[in-house]
Amino acid sequence: MTSAVAERAQPLPEQLRSYVTRFAVSATDGTPGEPYTYVPDPAVQLVVRVAAGGRPGALVIGPRTRAAYHASERPASCARFSLAPGAARPLFGVAAADLAGRTVALAELPGRVARRLVDGGRDLAPEEWADHIVRVLPEHPSRTEAERAGLLRAGVAALSVRPGLPPARVADVARELAVSERQLRNLFTDGVGVSPKHFARIDRVRHVLAHAPTSPWGELAAASGYYDQSHMTADFRALMGVPPRSYFTGRLPSTTPCRAARAARE
């Protein structure tokens with residue numbers, strides 16, 4: 001089986017916790033043909049990447065709705081910041097939906113914070129960017145922004161797979177949050193980049209990826225919120241490109257050059 005890029009989680013500064021959920025660093029040795037799996041991920045990510053002999057490049061990767069299989073092209077090190085739901089607009093000046101399925105140079109985004117990140121980070125190593133982000137964070141959000149962020153976080157939590165609890169239905173989440181389904185959909189589109197339904201699909205597949213090595217298929221399907229094992233298999237194949245058994249035995253689609261690596265060179 002192809003493995004995801006090996007990352008080492010780093011301590012997250014307290015000041016970042018409202019905007020970033022995870023900070024990790026990684027490195028590839030550029031071995032030709034060494035494949036990596038980038039699994040579906042609903043989070044917007046800021047990636048600071050330096051290839052050997054190259055200059056730093058700061059990229060923003062939007063929500064990834066389907067898996068991608070890539071081979072690293074040359075040695076590189078990078079820092080990856082997974083943004084909290086709703087953080088894309090205050091940091092980058094755009095809705096998360098505008099970034100979905102895209103890799104964009106940070107310098108191309110219009111937000112004031114994005115410009116300050118670019119201007120002050122040109123000569124910084126990837127691992128130095130956590131403190132750099134802290135220095136340029138926006139002022140405290142308005143009451144309206146804080147309320148929207150709170151609603152979004154509650155919606156994300158309710159639609160995620162939790163131990164002993166199946167994911168809630170979109171209609172039930174909207175009712176619990178005292179908003180319409182349309183309002184909930186708009187909230188997710190702006191703050192997450194995908195609809196509530198698609199967010200739930202991605203989260204279920206990620207749950208399968210995390211627990212398949214230790215759980216029987218039928219039990220895993222039920223625990224992940226699927227109707228049955230065939231439903232899980234169909235959803236997994238739609239997002240991962242192969243059925244679960246093929247993925248976990250290494251029978252995968254062919255790899256392609258990584259778009260993020262290409263963008264960092266341009």
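This is a short tour of the structure above, stop by stop, with something to select at each one.

**The whole chain**

Start with everything shown as a cartoon. Keep in mind that this is a predicted model. The protein has 11 helices and 10 strands. Of its 266 residues, 47% count as buried. Among contacts between residues at least 6 apart in sequence, 66% join residues at least 24 apart.

**The largest nonpolar core**

Next, select Leu 46, Phe 81, Phe 92, Leu 99, Leu 106, Leu 109 and Trp 129, and show their side chains. They belong to the largest nonpolar core, which has 34 residues, and they are the ones with the most contacts inside it. Which elements supply at least two residues each of this core? Colour them to see: the strands are E3 (20-28), E5 (45-51), E6 (57-61) and E8 (76-83), and the helices are H1 (88-92), H2 (112-121) and H3 (129-136).

Leaving aside its neighbours within four places in sequence, Trp 129 is in contact with Leu 46, Val 48, Ala 58, Phe 81, Leu 106, Leu 117, Gly 121 and Leu 124. Another core lies apart from the largest one; this other core has 18 residues, including Tyr 226, Met 232, Phe 236 and Leu 239.

**Looking down helix H2**

Go back to H2 and select Val 113, Ala 114, Leu 117, Val 118 and Gly 121, which are buried. Turn the view until you look down the axis of the helix. The buried residues of H2 fall within an arc of 140°, so they line one face of the helix. What do these buried residues pack against? Show H1 and H3, and you have the partners of the buried residues of H2.

Now for some empty space. Rolling a probe the size of a water molecule over the atoms shows where empty space is left. The count comes to one cavity of 30 Å³ or more, and about 30 Å³ of space lies in the largest cavity. To find it, select Val 20, Leu 46, Phe 81, Leu 83, Leu 91, Leu 117 and Ile 133, which line it. By class, this lining has seven nonpolar, no polar and no charged residues. You have met Leu 46 and Phe 81 already, in the largest nonpolar core.

**The second largest pocket**

Select Tyr 19, Gly 86, Pro 90, Pro 141 and Glu 145. Of the 23 residues that line the second largest pocket, these lie nearest its centre. The volume of this pocket is about 690 Å³. The elements giving two or more residues to its lining are H1, helix H4 (143-158) and helix H6 (181-191). Which of them gives the largest share? Highlight H4, the source of six lining residues.

**Around helix H6**

H6 deserves a stop of its own. Select Leu 184, Leu 187, Phe 188 and Gly 191, the buried residues of H6. They cover an arc of only 95° around the axis, which puts them on the same side of H6. The buried residues of H6 pack against H4, H5 and helix H7 (196-211).

The loop between helix H5 (170-176) and H6 holds Ala 178. Is Ala 178 buried or exposed? Ala 178 is exposed, with a relative accessible area of 69%. Check its backbone as well: most residues other than glycine have a negative phi. The phi of Ala 178, though, is near 60°, a positive value in a residue other than glycine. After H6 comes Gly 193, whose phi is positive too, near 105°.

Select Ser 246 in helix H10. Ser 246 is buried, with a relative accessible area of 14%. Leaving aside its neighbours within four places in sequence, Ser 246 is in contact with Arg 251 and Leu 252.

Finish on Pro 253, in the loop between helix H10 (244-248) and strand E10 (256-257). At 33% relative accessibility, Pro 253 counts as partly exposed. Leaving aside neighbours within four places in sequence, Pro 253 is in contact with Tyr 69, Gly 241 and Val 242.

Methods:
Residues are numbered from 1 along each chain as its sequence is written. This is a predicted model: local features need pLDDT of at least 70, side-chain atom pairs count only at pLDDT 80 or more; totals for chains, interfaces and linings use all residues. Side-chain values use heavy atoms; hydrogens and water are left out. A nonpolar core is a set of buried Ala, Val, Leu, Ile, Met, Phe, Trp, Tyr and Cys residues joined through side-chain atoms within 4.5 Å. Buried means under 20% relative accessible area, exposed over 50%, partly exposed in between (1.4 Å probe, protein chains only). Helices (H or I, at least four residues) and strands (E, at least two) are DSSP runs, numbered from the N terminus. Contact means heavy atoms within 4.5 Å. The arc is that of the directions from the helix axis to the C-beta atoms. On a 1 Å grid over the protein atoms alone, a cavity is a set of points where a 1.4 Å probe fits but cannot get out, and a pocket is an open set with protein on both sides within 12 Å along at least five of seven lines; lining residues have an atom within 4 Å of a point. Grid points are joined across faces, edges and corners, and a volume is the space filled by probe spheres set on the points. Ala, Val, Leu, Ile, Met, Phe, Trp, Tyr, Cys and Pro count as nonpolar, Asp, Glu, Lys and Arg as charged, and the others, Gly among them, as polar.
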